[in-house]
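Hi,

Here is the model I promised to pass on. Have a look at it first, then read my notes below.

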Amino acid sequence: MSELQRQASGATTGNSKPSAGQDEKKNNLPQDFDIDMEDPETEKAAVAIQSQFRKFQKKKQDLKS
């Protein structure tokens with residue numbers, strides 16, 4: 001399993017109970033949600049998202065110091 005697949009699978013299992021509003025939104029999603037993890041565009045998007053998240057975390061940590 002690649003690093004991207006591990007991260008994607010972790011994103012769906014980490015939360016405890018969702019609020020009522022979140023539960024309703026989940027029901028409106030299409031049942032067959034498929035992302036091609038081998039697509040180069042998907043990999044580029046994942047790298048860009050991770051980069052922005054790391055910058056955000058660093059900025060957040062720097063503000064605490």
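Lysine 58 and aspartate 62 sit four residues apart in helix 3, so about one helical turn separates them. Helices here are DSSP runs of H or I with at least four residues, strands are E runs of at least two, and both are numbered from the N terminus. The two side chains form a salt bridge, with the closest N and O atoms 3.3 Å apart; the criterion is a side-chain nitrogen of Lys or Arg within 4 Å of a carboxyl oxygen of Asp or Glu. Aspartate 62 counts as partly exposed because its relative accessibility is 44% (buried is under 20% relative accessible area, exposed over 50%, partly exposed in between, with a 1.4 Å probe and protein chains only).

Before going further, some ground rules. This is a predicted model, so local features need pLDDT of at least 70 and side-chain atom pairs count only at pLDDT 80 or more, while totals for chains, interfaces and linings use all residues. Residues are numbered from 1 along each chain as its sequence is written, and side-chain values use heavy atoms, leaving out hydrogens and water.

The structure holds two salt bridges. The other pair is glutamate 41 and lysine 44, at 3.6 Å from N to O. Both residues lie in helix 3, three residues apart, again about one turn, and both are exposed. The general rule is handy: an α-helix has 3.6 residues a turn, so residues three or four places apart point the same way.

What about the length of helix 3? Its 25 residues (40–64) should span 36 Å, and the end C-alpha atoms are 36 Å apart, so the two agree; the expected span is 1.5 Å times one less than the number of residues.

Which residues of helix 3 are buried? They are Thr42, Ala46 and Gln50. Leaving aside neighbours within four places in sequence, threonine 42 is in contact (heavy atoms within 4.5 Å) with Ile35, Asp36 and Met37.

Zooming out, the protein chain has three helices and zero strands, in the order α-α-α. Buried residues make up 6% of its 65 residues. The accessible surface is about 6,300 Å², 53% of it from carbon and sulfur atoms (Shrake-Rupley, 1.4 Å probe; for residues, only the protein chains shown count as cover).

Finally, confidence. The mean pLDDT (the predictor's confidence in each residue, from 0 to 100) is 75 for the protein chain, and 57% of its residues reach 70 or more. Helix 3 has the highest mean, 95, and helix 1 (residues 3–11) the lowest, 50. Over residues 9–14 the pLDDT is below 50, and this stretch has zero contacts in the model beyond near neighbours in sequence.

Cheers
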